[in-house]
Amino acid sequence: MAALVSVQGAEQLRVEGELAIQFAAELKDTLLRSVQATGEVTLDLSGVSEVDTAGIQLLLLAKRAAAAVGCRLRYINHSPAVVDVVELLNLSATFGDPILLAVAAGADR
Amino acid sequence: MNLDAAFQTFLIESRELLEEMERLLLDLEGAGESADLDALFRCVHTIKGAAGIFGLDHVVAFTHVVEEILDRLRARAITLDDSLAALLLQCRDHIAALVERGADRPGETLEADGRALLAALTPWQANDVITPSLPIVVPTVSPERYERGAAGDVWHISVRFGRDVLRHGMDPIGFIRYLGTLGRIEHVSTVGDALPEPDVMDPESCYLGFQIALAAATDKATIESVFEFVRDDCELHILPPGSEVARYIELIQALPEEDARLGDMLVASGAVTRTELANGLSGQQAAEGAAAGSPPRLGEMLVQQGAVAPALVDAALGKQKRTREARQQSSQYIRVQADKLEALINLVGELVIASAAAGLSAQRSHDAATHEAVASVSVLVEEIRDRSLELRMVPIGETFQRFQRVVRDVSQQLGKEIRLDISGAETELDKTVVEKITDPLTHLVRNAVDHGIEAAAVRITAGKSAVGTVRLNAFHESGSIIIEVRDDGSGLDRDRILRKAVERGLVTDPENLSDGEVFNLIFEPGFSTAEAVTNLSGRGVGMDVVKRNIEALRGTVEVESARGAGTTLRIRLPLTLAIIDGFLTGVGVTSFVVPLGNVVECVELTPAQQLETRSRDFINLRGEVLPLVRLRDHFALSGASGRRENIVVVGYGGQKAGLVVDELLGEHQTVIKPLGSLFTHLSGISGSTILGNGAVALILDIPSLLSQVRSHDAGRQERRATPRRARVLAGS
């Protein structure tokens, strides 16, 4: 279950599988490479089956790195696994991207 | 609470941090690795934070600038060159001076120094930096916080995970999820402030922390048990529902993280309301403005306001300590007062004596059960003795590290380029010995740098590398620790030493001296061969003092030198000053203890040999000439020699001799009791001890006995051995 960022054009990225420590080093490189230039990058998270702390940490890092170079990085199509963790850690505001599935999942707050 | 005590802790911590800082700076000068920059930054940052708590504004203001420069270094906005490293070292010294002054305003000169340093630092500062105002904001509270009722049963949990948590296969998110099973997670704030710059961030390290508000009817132990598997690998704070003071402790503890952000998080989790936070902060600022002249220490101010319990300031200091611990990660320390340890070791000494007495009486009782019980007690006592002595053992490395600075400063002053090589830093020895050896060692190192190593031009002419090397080495050898100071300089000039010695009348027949004896002359009082008297050494004092200091520790120093290749000074010290393993012997009614480390073997003196040796002071031991010392004669003891005699062959520093005694009484643990000042001139005896039966035994000083044998040998031709000691010992 490799989690890879496949590049669909320069600004469209997609993570497939586990956003987790096993693939953290690889993911970090790909993510940071793509947020180098100014512009707009979207990361499709719909294929993410699992997220762990290392994964979340990378998402935080990428956001920060993007902001530093003036790149607009957006996370879209959060999979239930991602939503779950983002809600648990109360990071939706930090990420700042609309989470479409969040309505139901975050209702108890 | 005792604020003074807290301030003392601050001083101690700061000194340690400053020492660490010095070491890091010196490392950086050599290597320039970025990992150390982080540690360096943390040192300065922690000092700044703690100084802020005590209201040491001048320290804060100065460290702030230094911190900023380190931060820029870390971010690679500027690079570290020699001039900056040297400047940072000076800044370190300045901070040390400021911290030592405590709450006092720095004096005129110190302030001028500070201004000069700040001016020197300007080129490295960011352009938009203005002179620092007070950057530290300590969240404080107004008294009404106490009146607020408990806010339900919401626990506040603050956790910072260790870097390696992920690598150990733990997932912090999992712990938070599991927390959810205890009750309802009201709020989670993710603290990502520790995330480093993207290019240095290790994706497999954990940099996150969490502030969690948990509504649950449970107890602290249960919550703690959730984090059991990472307990050693994370910083965990659990605040019980409605705990007021604790929340503020929490605030201060989190100080190195951005205060404002932390405040926001607490507001978000409902622990504090925004008004309360704002009140606390503005209250502090107002007080600061009003007391601009001589601001009271913040800690005192808070206590006066009744706003904080003593725990608060302690917590702030605890924070400082924890950062340090996190830095050392693997090793955990407990700070114990030296005198408590001293008392313990004294007691252990008494215990050893008492257990020997118990053993003796058990032997007399002929009761097997008692005998066995006493035997197992004495095994334990022996172990306790070893362990408690180990408590005082510290690696010598820390002392060695200090010389990096000495060598650096001295060599710069002299315009030489010198490297200090350290090996055997992990070698352990008694703390009291370490303390006392530092001064002599400093002298030897300075000497090596000043006189030992030649100027670069001379070195190149001699075909050596322009960079001189001073080597510090330590290792254990047969119950002693050996410390070597070696330089690859020009070596000692035998002829010059000899000439000088004759001039001063120290030697009469210069022809018959061995190299070793000539070199040892440098330890004579008033001896110096330095051609140029520098302000460092060469004034003719020193080596004799060094030797005296070392001998006071029951150690010896010897010198070895090869022309053109360098000089080695070798210090040999006992591992500990308190207890030794001894070998007990008897001469008539008197008992003597020979340190076991010196005993080579025991041989019986047969009646034939007894006759044979009566008229001379040596024996043929397996084809070797062994000089004999008859303890009975040597110490002028009364009574005729026993029917049977034994020889205890002792060795020290490559020399051997046989001590003739009546009885061999076996091994004996010896607690050294120093002799009174009346006996300080007494050579051959290093101390006394009390035996199990209450009698006093004298501990032989083998090195000095051996040297007496040597000088005795020389004079033997002229006259037969005469009793050398008066009846000092009769009373024992």
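Salt bridges, within and between chains

Reply: Asp409(B) has a relative accessible area of 29% and is therefore partly exposed; buried means under 20%, exposed over 50%, and partly exposed in between (1.4 Å probe, protein chains only). This is a predicted model, in which local features need pLDDT of at least 70 and side-chain atom pairs count only at pLDDT 80 or more, while totals for chains, interfaces and linings use all residues; side-chain values use heavy atoms, without hydrogens and water. Residues are numbered from 1 along each chain as its sequence is written, with chains lettered from A and ligands numbered from 1 in the order in which they are written.

The partner of Asp409(B) is Arg405(B), and their side chains form a salt bridge at 3.3 Å, N to O. The term means a side-chain nitrogen of Lys or Arg within 4 Å of a carboxyl oxygen of Asp or Glu. Side chains of opposite charge can pair when their charged atoms come close. Arg405(B) counts as buried because its relative accessibility is 11%. Both residues lie in helix H15 (residues 397–414) of chain B, four residues apart, about one turn of the helix. Helices (H or I, at least four residues) and strands (E, at least two) are DSSP runs, numbered from the N terminus.

Another pair in chain B is Arg459(B) with Asp488(B), whose closest N and O atoms are 3.0 Å apart in a salt bridge. This pair links distant parts of the chain, 29 residues apart: Arg459(B) is in helix H17 (residues 456–461), and Asp488(B) is in the loop between strand S9 (480–487) and helix H18 (494–503). Arg459(B) is buried, at 1% relative accessible area, while Asp488(B) is partly exposed at 22%.

Arg570(B) and Glu558(B) also meet in a salt bridge, at 3.2 Å, N to O. They too link distant parts of the chain, with Arg570(B) in strand S11 (residues 566–574) and Glu558(B) in strand S10 (residues 556–562), 12 residues apart. Arg570(B) is buried at 15% relative accessible area, and Glu558(B) is partly exposed at 35%.

The structure holds 29 salt bridges over all chains. Between chain A and chain B the rule finds one: Arg177(B) with Asp84(A), closest N and O atoms 2.6 Å apart. On the side of chain A that touches chain B, helices H1 (24–34), H2 (53–69) and H3 (80–88) each supply at least two residues. H2(A) gives the most, with nine residues.

In this interface, 21 residues of chain A are in contact (heavy atoms within 4.5 Å) with 25 residues of chain B. The two chains bury about 2,000 Å² between them, 64% of it on carbon and sulfur atoms. Thr53(A), Gln57(A) and Leu88(A) lose the most area on the chain A side, together 31% of what that side buries. Buried area is the accessible area (1.4 Å probe) that two parts lose on being put together, summed over both.

As for confidence, the predictor gives the complex an ipTM of 0.82 and a pTM of 0.45. Chain B averages a pLDDT of 74, and 75% of its residues score at least 70; pLDDT is the predictor's confidence in each residue, from 0 to 100.
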